[in-house]
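Biologist: I'm new to reading protein models. Please take me through one, feature by feature.

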Amino acid sequence: MYISFISRQLGLPTVEVGIGNGYSLTVRCDRVRDKSGSIVRIHQEDFCQALGYPYYRKYENDGGPDLKECIHLLRNISVSPAEDILNLLRWQVFNLLTGNADGHAKNLSILYTSAGPRLAPFYDLVCTAIYPGISSDLAFSIGGNADPGQIRLKDWERMADVLGMRPRLILNTLNSFMDILLDRLSDYHRLFVEKNGSDPVLERINQTIRKRIRRTGSLVAG
């Protein structure tokens with residue numbers, strides 16, 4: 001929930017998650033009300049479904065889709081491909097910096113809106129890095145490298161080349177997120193606590209994010 005909150009603060013399209021009595025409450029992005037007030041379902045399929053992969057191949061390392069395939073899908077079907085592709089890249093950068101190793105193909109979806117297919121708001125954002133026993137490898141590699149503690153400038157450049165993008169676009173996103181998080185993470189923490197209450201795990205997440213930023217920044221700087 002805290003990671004989703006940070007994501008929204010950074011301007012990423014992310015589902016809204018609230019705290020219930022012992023549970024989290026996620027606002028569904030695939031339901032809307034029509035003019036009569038009735039709830040209408042918007043057809044949605046995750047990227048495994050959209051790309052023809054079985055559900056058990058949701059991780060790239062298990063033979064699932066890679067970022068290139070996901071971006072190719074958006075280029076082909078999205079009614080706003082440039083915006084959706086940029087947000088997908090921002091999501092991947094965000095997952096690296098916030099310790100989310102569970103950003104796989106079933107945690108990405110297409111919404112078939114009345115205006116046409118769009119990348120759905122992001123969901124299931126978690127700092128998996130604070131939990132023991134969970135692999136730290138990213139669900140989608142960056143230039144073929146899934147180890148978040150070893151991703152160097154050459155990996156970002158290789159990713160840009162594979163995706164047919166300018167390296168500067170991706171690196172600008174990375175540097176911008178690192179700068180904003182270092183500068184404003186304490187503010188985000190305070191705002192979250194004011195709204196939802198405090199929990200010791202929040203500071204563990206903050207420490208993980210700061211550590212990820214320092215490590216990533218040093219690797220990119222060479």
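**Reading the model**

Biologist: Which backbone nitrogen does the side chain of Ser141 reach?

Modeller: The general idea is a polar contact: a pair of N or O atoms within 3.5 Å, where within protein one must be able to donate a hydrogen and the other to accept it, and residues adjacent in sequence count only if both atoms are side-chain atoms. Here the side chain of Ser141 gets to the backbone nitrogen of Gly144, at 3.4 Å. Before we go on, this is a predicted model, with local features needing pLDDT of at least 70 and side-chain atom pairs counting only at pLDDT 80 or more, while totals for chains, interfaces and linings use all residues. Residues are numbered from 1 along each chain as its sequence is written, and side-chain values use heavy atoms, leaving out hydrogens and water.

Biologist: Where does Ser141 lie, and is it buried or exposed?

Modeller: Buried means under 20% relative accessible area, exposed means over 50%, and partly exposed is in between (1.4 Å probe, protein chains only). Helices (H or I, at least four residues) and strands (E, at least two) are DSSP runs, numbered from the N terminus. Ser141 sits in the loop between β7 and α5, and its relative accessible area of 12% makes it buried. Contact means heavy atoms within 4.5 Å. If you skip the neighbours within four places in sequence, Ser141 is in contact with Glu60, Leu67, Gln92 and Ala146.

Biologist: Which residue has a positive phi although it is not a glycine?

Modeller: That's Asp124, with a phi of about 55°. Asp124 is in the loop between β7 and α5, and it counts as partly exposed at 47% relative accessibility.

Biologist: How many bridges join β5 and β6?

Modeller: Three, in the antiparallel sense, and β6 covers residues 109-113. Gln44 has Leu111 of β6 as its bridge partner, and Asp46 stands opposite Ser109 in β6. On to the other pair: β6 and β7 share four bridges, again antiparallel. A hairpin of two residues links them, and Leu111 stands opposite Arg118 in β7.

Biologist: Where is the kink in helix α6 centred?

Modeller: The bend at a residue is the angle between axes fitted to the seven residues ending there and the seven starting there. In α6 (residues 167-196), the kink is about 60° and centred on Arg184. Buried residues of α6 include Leu174, Phe177, Met178 and Leu181. Among the elements covering the buried residues of α6 are α1 (2-9), α4 (81-98), α5 (153-163) and α7 (200-221).

Biologist: How far apart are Leu97 and Phe177 in sequence and in space?

Modeller: They are 80 residues apart in sequence, and 8.3 Å apart in space from C-alpha to C-alpha. Leu97 belongs to helix α4 and is buried, at 0% relative accessible area. Beyond the neighbours within four places in sequence, the contacts of Leu97 include Leu174, Phe177, Met178 and Leu181, as well as Ile209 and Ile213.

Biologist: How many disulfides does a search of the whole structure find?

Modeller: A disulfide is a pair of cysteine sulfur atoms within 2.5 Å, and the search turns up zero. Take Cys48: the closest cysteine sulfur, in Cys70, is 8.4 Å from its own, so it is too far for a bond. Cys48 is buried at 1% relative accessibility, and Cys127 is buried with a relative accessible area of 1%.

How values were computed: Two strands pair if DSSP finds at least two bridges between them.
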